[in-house]
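I opened the model today to check some residues and helix pairs. My notes follow in the order I took them.

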Amino acid sequence: MEVIFGFVASILALLYAAYLSFNILSKPAGNKLMVEISDGIKDGANAYLIRQYKTLAPLVVILSAIFYFAFSPITTITFLLGAILSALAGYIGMNISVRTNVRTAEQARHGLASALDVAFKGGTVTGLVVAALALLGVTTIYYFTNDVAVTIGFGFGASLISLFMRVGGGIYTKAADVGADLVGKVEKGIPEDDPRNPAVIADNVGDNVGDCAGMAADLFESYAITLIAAMLLGLSMGTTQVLFPLMIGAAAILASVIGTFFVRLGNDRNIWNALFKGIIATTIIAGLLFFGIAQYVLHDMRIFYAAVIGLITTVIITNITEYYTSTEKNPVKEVSKAARTGAGTNVIRGLALGLESTFPTAILIVVAIFASYYIYGVYGISIAALGMLSVTGIIVAVDAFGPITDNAGGIAEMAKLPKSVREHTDALDAVGNTTKAVTKGFAIGSAALAALSLFAAYAEATHLTSIDILKVSVVAGLFLGGAVAFLFTSFLMNAVGKAAFSIVEEVRRQFRTMKGLMSGKQKPDYEKCVDITTGAALNGLILPAAVAVLSPLFVGFFMGPEALGGMLAGAIVTGLLLAIFMANAGAAWDNAKKYIEKGNFGGKGSDAHKAAVVGDTVGDVTKDTAGPSINPMIKVMNMIALLFAALIVAHSLL
């Protein structure tokens, strides 16, 4: 029954996503110019993903061959299934996003509520596809094999694709964004999304490959591996504990579908409140369903309490992130105020805010860990993590809303739509920045709990009951794990810096050589910038990905399973705090700039605005590239340690 419930819920969610897709595509796409701009964004995004998948294909084939001989044919099959479904989730999400953006801009002619409705429906398709495909994949493997252990291959396949899509998409989006801003806004003084800027299409493409496809793959992975870890930890307890995670996932997907109907613009015209109502409704409905399953089906209320801790953590972490990153709250206003005295003070204030934001988030995660452990031991922690990730459908829906509205604003600007339309798209875009920040906070927090569940599964697989931090090898592993997070981040920031440099040079060249560009009489060469960012992203993702995959294998085989345990612990703690700091600081800088652009502290073109643009340029890399990419790095390290656990133990006994 439990497995069938997973199948039914997944299929229903996919059918509803298909219905929403048809509904969105039935809406008018606007005038000829709007369609032309949208097609340019769509073509650029598809070109990037296709090139990325072609780059990844040989690696997937090589790893499949290794797994076939090192493990078993079934592990190879599950690995391929995880990689394919993860890539598919990102591809579907991105493709509906690049078709919804122009329709959102067109619906903005009819009012804010109409535009919000279409944009959120587009995000909902991505969210439901991510959660449904992840649950469907794990459920299918368990149904046909009745063996939880073979699902580890599925998890690693998802992790690998997530790492590449997050890293590659992050490099792409911010190289284009930074390059466009530094020349367009700072040097030329032209607005964001101005069609005269040669990097503007690449910038809009980046929103989709980074914040949509990248986030989709990231949370697909988190959802899948948390489901797998909970089932693995339940093996020693009985069938009930193994199957309950599937029922949690199924119930929460249905709750997410129902929760989308609560997203409606109220009389207060507050867009964030409309979206947050959907999150709250989903959380409450999921909690009620969890209660019914635990009480009447499994007769074990401890599971319910642990899952509810995860749901509560979701609500609180979204509020913490929203507080530190919203234009309506004091922290962002303080960062904006600091820009009055220059870029230096703006950057310093943003750094301080990011550092401060790590503390309440860390306290929340610690409380969740202690409470869930007290209720049900290590298995309780995994259920709390799953409870948090079970509402991935609605969370990704809110996240994907961000790039859709960002693109809609860009299309409205480039197509020179009436001021009233741009006011509506600007309002949606401002909230879209907050939703992207909030979902990054959710992704980081859930990644930490997911990694902790994997860490517990690794300890069971290697028979480690404790890790002695007085041992030299463990201490060495601990420091290496922490250092890897910083090294990984440095590679990403360097990659963005180099790519942005190339974009700046190209944009300057076009403005210099195309005499009619600034006057609008000559069309920029958008494709050249798209090509530069695509190549830079694919080249830049190789080194950081290699560090994430190879470092745990090196420590495990040469220093032993206990040292690897130390390394994983160091990576989880350091990576979590570093990711929170970078994501929240970056979002604060971004929204501080937008707060000034609303007319505060001098408005657009003022010295404060120029300083805030510099802060936003720094924040672009931290919030959309480095910070979010740490999530899959942590999970890949834990996943590969779990996958090779038996071989590492066998090698240590030689």
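Predicted model: local features only at pLDDT ≥ 70, side-chain atom pairs only at ≥ 80, totals over all residues.

**Entry 1: Asn208**

I started with Asn208, which sits in helix α6, residues 200–234. I looked for its polar partners. A polar atom of the Asn208 side chain lies 3.0 Å from the backbone oxygen of Asn204. I also found a polar contact of 2.7 Å between the side chains of Asn208 and Asn407. Is Asn208 buried or exposed? Its relative accessible area is 0%. Buried means under 20%, so Asn208 counts as buried. I then listed its contacts, leaving aside neighbours within four places in sequence: Ile41, Met94, Ser97, Val98, Ala213, Pro403 and Asn407. Ser21 is 187 residues from Asn208 along the chain, and their C-alpha atoms are separated by 17 Å.

**Entry 2: Asn584**

Next I went to Asn584 in helix α17, residues 561–597. Which side chain does the side chain of Asn584 join in a polar contact? I found Ser357, at 3.0 Å. The relative accessible area of Asn584 is 4%, so I logged Asn584 as buried.

**Entry 3: Ser86**

I looked up Ser86 in helix α3, residues 73–107. Ser86 is buried, with a relative accessible area of 0%. Not counting residues up to four places away in sequence, I see Ser86 touching Ala158, Ile161, Ser162, Ala217 and Phe220.

**Entry 4: α9 with α13**

I turned to helix pairs. Helix α9 covers residues 301–325 and helix α13 residues 419–461; they pack at about 135°, with axes 8 Å apart. That angle makes α9 oblique to α13. The crossing of α9 past α13 is right-handed. Which residues make the contact? From α9 I noted Thr314, Ile317, Thr318, Thr321, Glu322 and Thr325. From α13 I noted Thr434, Ala437, Val438, Gly441, Phe442 and Gly445. By class, the contact has four nonpolar, seven polar and one charged residues.

**Entry 5: α4 with α8**

The crossing of α4 past α8 is right-handed. Leu112, Leu116 and Phe120 in α4 meet Ile271, Ala274 and Leu275 in α8. I counted classes here as well: six nonpolar, no polar and no charged residues.

**Entry 6: positive phi**

Last, I checked backbone angles in two loops. Asn146 lies in the loop between α4 and α5. Its phi is near 55°, a positive value in a residue other than glycine. I have Asn146 as exposed, with a relative accessible area of 57%. His299 is in the loop between α8 and α9. His299 is not a glycine, yet has a positive phi of about 55°. Is His299 buried or exposed? Its relative accessibility is 62%, so it counts as exposed.

Methods:
Residues numbered from 1 in each chain as written. Heavy atoms only, no water. Helix = DSSP H or I, 4+ residues; strand = E, 2+ residues; numbered from the N terminus. Buried < 20%, exposed > 50% of the residue type's maximum accessible area, 1.4 Å probe, protein only. Polar contact = N/O pair within 3.5 Å; in protein donor to acceptor, adjacent residues only side chain to side chain. Left-handed = near helix turned anticlockwise from the far one by under 90°. Contact = heavy atoms within 4.5 Å. Nonpolar A, V, L, I, M, F, W, Y, C, P; charged D, E, K, R; others polar. Axes fitted to C-alpha atoms, helices over the stretch in contact; angles between N-to-C directions. Parallel < 35°, antiparallel > 145°, perpendicular 65-115°, else oblique.
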